[in-house]
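This report looks at charged side-chain pairs and at one further residue. The sequence and structure come first, and the description follows.

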Amino acid sequence: MIARRGPRIFGLLLVLGSGLSGCSNWSEYAGVENVWRSASIPEWQPGETKADDVIDALGPPSQLINLQSQSVYYYMREHVSGKGYYLLFYNQSRKTTRYDRAVFFFDENGVLERYAYSKEALPSEP
């Protein structure tokens, strides 16, 4: 009689265990739109471009950093994606975060001194 219950109990545990397991995928974007990658953005000219020109073209920055004699406009776009497996006795998840950045340095008069974009470019539309 006990030998007959073994497969039933195993089957019941298998069904219950599969009901408590799952997997997931996620992808999300955060930060400002990375319009600095679009073709319609003007060519920035150090010594000529003003801070207002950058704000007019890109919008407000993610961060505004004030140094003693400089202002830094920091624009950031972030993409996070991941996968996860959630089983009864084992869990695993992986997350990848990528950044697309633009940084502009202005002097005390609001004139562009230098700027840089990150090497990694995210798509502007998800």
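## Salt bridges and a threonine

In this predicted model, Arg37 and Asp100 form a salt bridge through their side chains, with an N to O distance of 2.7 Å. Arg37 belongs to the loop between β1 and α2, while Asp100 sits in strand β4 (residues 91–107), so the bridge ties together parts that are 63 residues apart in sequence. Arg37 is partly exposed, at 29% relative accessibility. Asp100 has a relative accessibility of 0%, and because buried means under 20%, Asp100 counts as buried.

How many salt bridges are there by this rule? The count comes to 3. Side chains of opposite charge can pair when their charged atoms come close.

Another of the pairs is Arg77 with Glu33, where the closest N and O atoms are 3.5 Å apart. This pair also links distant parts of the chain: Arg77 is in strand β3 (residues 70–86), and Glu33 is in the loop between β1 (22–31) and α2 (51–58), 44 residues apart. Arg77 is buried, with 4% relative accessibility, whereas Glu33 has a relative accessible area of 40% and is partly exposed.

Arg98 and Glu120 make a salt bridge as well, with their side chains meeting at 2.6 Å, N to O. Here the linked parts are strand β4, which holds Arg98, and the segment after β5 (112–117), which holds Glu120; the two residues are 22 apart. Arg98 is partly exposed at 29% relative accessibility, and Glu120 is partly exposed at 35%.

The pairs are set out below.

| Pair | N to O distance | Relative accessibility |
|---|---|---|
| Arg37 and Asp100 | 2.7 Å | Arg37 29%, Asp100 0% |
| Arg77 and Glu33 | 3.5 Å | Arg77 4%, Glu33 40% |
| Arg98 and Glu120 | 2.6 Å | Arg98 29%, Glu120 35% |

The remaining residue is Thr49, which is found in the loop between β1 and α2. Is Thr49 buried or exposed? Its relative accessibility is 7%, and Thr49 therefore counts as buried. A polar atom of the Thr49 side chain lies 2.8 Å from the backbone nitrogen of Gln45.

Which residues does Thr49 contact, leaving aside its neighbours within four places in sequence? They are Trp44, Val54, Gly110, Val111 and Leu112.

Note on methods:
Residues are numbered from 1 along each chain as its sequence is written. This is a predicted model: local features need pLDDT of at least 70, side-chain atom pairs count only at pLDDT 80 or more; totals for chains, interfaces and linings use all residues. Side-chain values use heavy atoms; hydrogens and water are left out. Helices (H or I, at least four residues) and strands (E, at least two) are DSSP runs, numbered from the N terminus. Buried means under 20% relative accessible area, exposed over 50%, partly exposed in between (1.4 Å probe, protein chains only). A polar contact is a pair of N or O atoms within 3.5 Å; within protein, one must be able to donate a hydrogen and the other to accept it, and residues adjacent in sequence count only if both atoms are side-chain atoms. Contact means heavy atoms within 4.5 Å.
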